[in-house]
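Have the sequence and the 3D view open as you read.

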Amino acid sequence: MAKATRMTFCSFCGKSQNETRKMIAGPSEVFICDACINVCKTIVERDIGENKPAVVEKTKLPAASAPFKLLKPADLKAFLDQHVISQDYAKRALVVAVYNHYRRLHSESRIETETKFKVADKDLADVQVEKSNILLLGPTGSGKTLLARTLAQTLGVPFSIVDATTLTEAGYVGDDVENVVLRLLQAANYDVASAECGIIYVDEIDKIGRKTDNVSITRDVSGEGVQQALLKIIEGTVCNVPPQGGRKHPNQEYIQINTANILFICGGAFVDLDKIVQNRLGSKAMGFDTLHNRRISEVPLHELLIETQPEDLVQYGMIPEFIGRLPMVAVLDELSVSDLEHILIDTQHALVKQYRKLFAMDGVKLEFTKDAIYAIAEKAVKLKTGARALRAIMEGLMLDIMYQIPHEDKLSKVVIDAKMVAGEGGPKLHYKKATRAKAK
């Protein structure tokens with residue numbers, strides 16, 4: 001650092017070099033005195049202390065307790081059943097992978113007694129169990145995001161969602177890949193230890209496949225480039241995360257997050273992946289003809305996707321190294337009319353229950369006929385967006401009546417039937433009976 005050779009003044013407080021013990025020169029004739037440096041140090045320590053960002057050298061869970069609830073696979077699945085209809089295969093695959101992941105973290109937290117480890121085989125003492133990140137395959141609206149979010153809520157760990165289509169390589173327009181870790185840290189209220197045991201769900205992962213197999217002079221910064229950038233984070237590395245997000249610059253303060261114990265769940269619709277699987281299977285059909293007496297063209301999408309192999313995903317556009325970081329694959333089925341009916345009325349936060357509660361706030365009872373529920377579910381199937389279509393249909397269906405209700409003081413009950421769903425009539429309205437005044 002260059003020394004001041006003439007009378008200089010602090011650019012912050014205005015004191016001359018004779019009035020201070022130390023004057024430090026910066027670029028472009030900028031100076032700062034030792035007193036201002038101490039003031040800045042106090043402000044920085046106060047602000048960082050309020051945000052509580054911790055810096056960890058390596059991931060180690062507390063010895064006394066782990067920042068998550070460890071539940072057995074059957075208990076996890078029972079909780080998922082309350083929120084997600086159908087998808088039994090995907091639920092089983094998910095809960096086993098999640099249990100194994102957090103069971104490993106539970107052991108590493110040294111909660112278990114040393115006696116328990118003494119009886120274990122001695123050759124297992126130095127064995128390290130690697131984490132199994134998860135890839136969810138299934139059509140849009142089948143419940144991929146809901147499954148991941150519900151698991152995080154059940155375990156009591158921070159959860160964040162990122163859309164893979166918004167990510168780009170560092171230095172290009174878009175979100176830096178490391179911002180996926182920042183969002184988890186924010187969800188954990190800047191508690192580093194808690195964030196390092198969290199779950200990150202990367203949605204639309206199929207959209208970052210290689211755009212083409214042909215060599216191009218331009219970089220694929222939002223496709224294969226993002227897959228390359230995600231590799232280390234998913235596998236486990238220490239990320240320098242800027243607390244406020246945005247682009248990095250040399251003079252910025254960072255929070256270090258170790259991603260080794262963060263569980264990554266990636267989901268995507270992978271449209272037409274079944275055709276790649278079908279082409280690979282060919283006429284053999286992996287026993288479908290002999291076991292089920294069906295031609296391969298008659299095999300349901302769900303059953304075809306279960307036969308997905310890493311080479312199918314590579315052909316789809318995913319790089320082999322990325323697929324290798326997602327060893328657990330769970331397949332979700334397309335929702336049927338019956339599934340959508342159950343979603344409407346039987347889940348813990350079912351849409352019908354939500355609207356009934358809204359109507360009850362105005363003192364009105366809301367009722368849906370069985371035919372109406374079936375008609376709504378059938379309408380959603382035709383839209384081919386899964387459970388996402390249900391809310392859009394319900395909002396359009398209930399708009400006019402919800403506009404009217406607050407002005408109807410004597411309204412007591414509203415009945416929605418199939419004709420109203422089909423647009424062939426309105427709701428059936430029931431009013432309170434007028435009470436006659438008693439004669440004196």
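Helices here are DSSP runs of H or I with at least four residues, strands are runs of E with at least two, and both are numbered from the N terminus. The model is a predicted one, where local features need pLDDT of at least 70, side-chain atom pairs count only at pLDDT 80 or more, and totals for chains, interfaces and linings use all residues. Residues are numbered from 1 along each chain as its sequence is written, and side-chain values use heavy atoms, with hydrogens and water left out.

Let's start with helix 16. Lys 384 follows this helix and has a positive phi, near 60°. Buried residues (under 20% relative accessible area with a 1.4 Å probe, protein chains only; exposed is over 50%, partly exposed in between) in helix 16 include Ala 372 and Ile 376. The buried residues of helix 16 pack against several elements, among them helix 14 and strand 13, going by contact, meaning heavy atoms within 4.5 Å.

Now for His 83, which sits in helix 2 (residues 73-83). His 83 counts as buried because its relative accessible area is 13%. Here are two of its pairings; a polar contact is a pair of N or O atoms within 3.5 Å, where within protein one must be able to donate a hydrogen and the other to accept it, and residues adjacent in sequence count only if both atoms are side-chain atoms.

| Pair | Value |
|---|---|
| His 83 and Gln 348 | side-chain polar contact, 3.0 Å |
| His 83 and Asp 346 | C-alpha separation, 8.7 Å |

Leaving aside neighbours within four places in sequence, His 83 also has Leu 146 and Thr 150 among its contacts.
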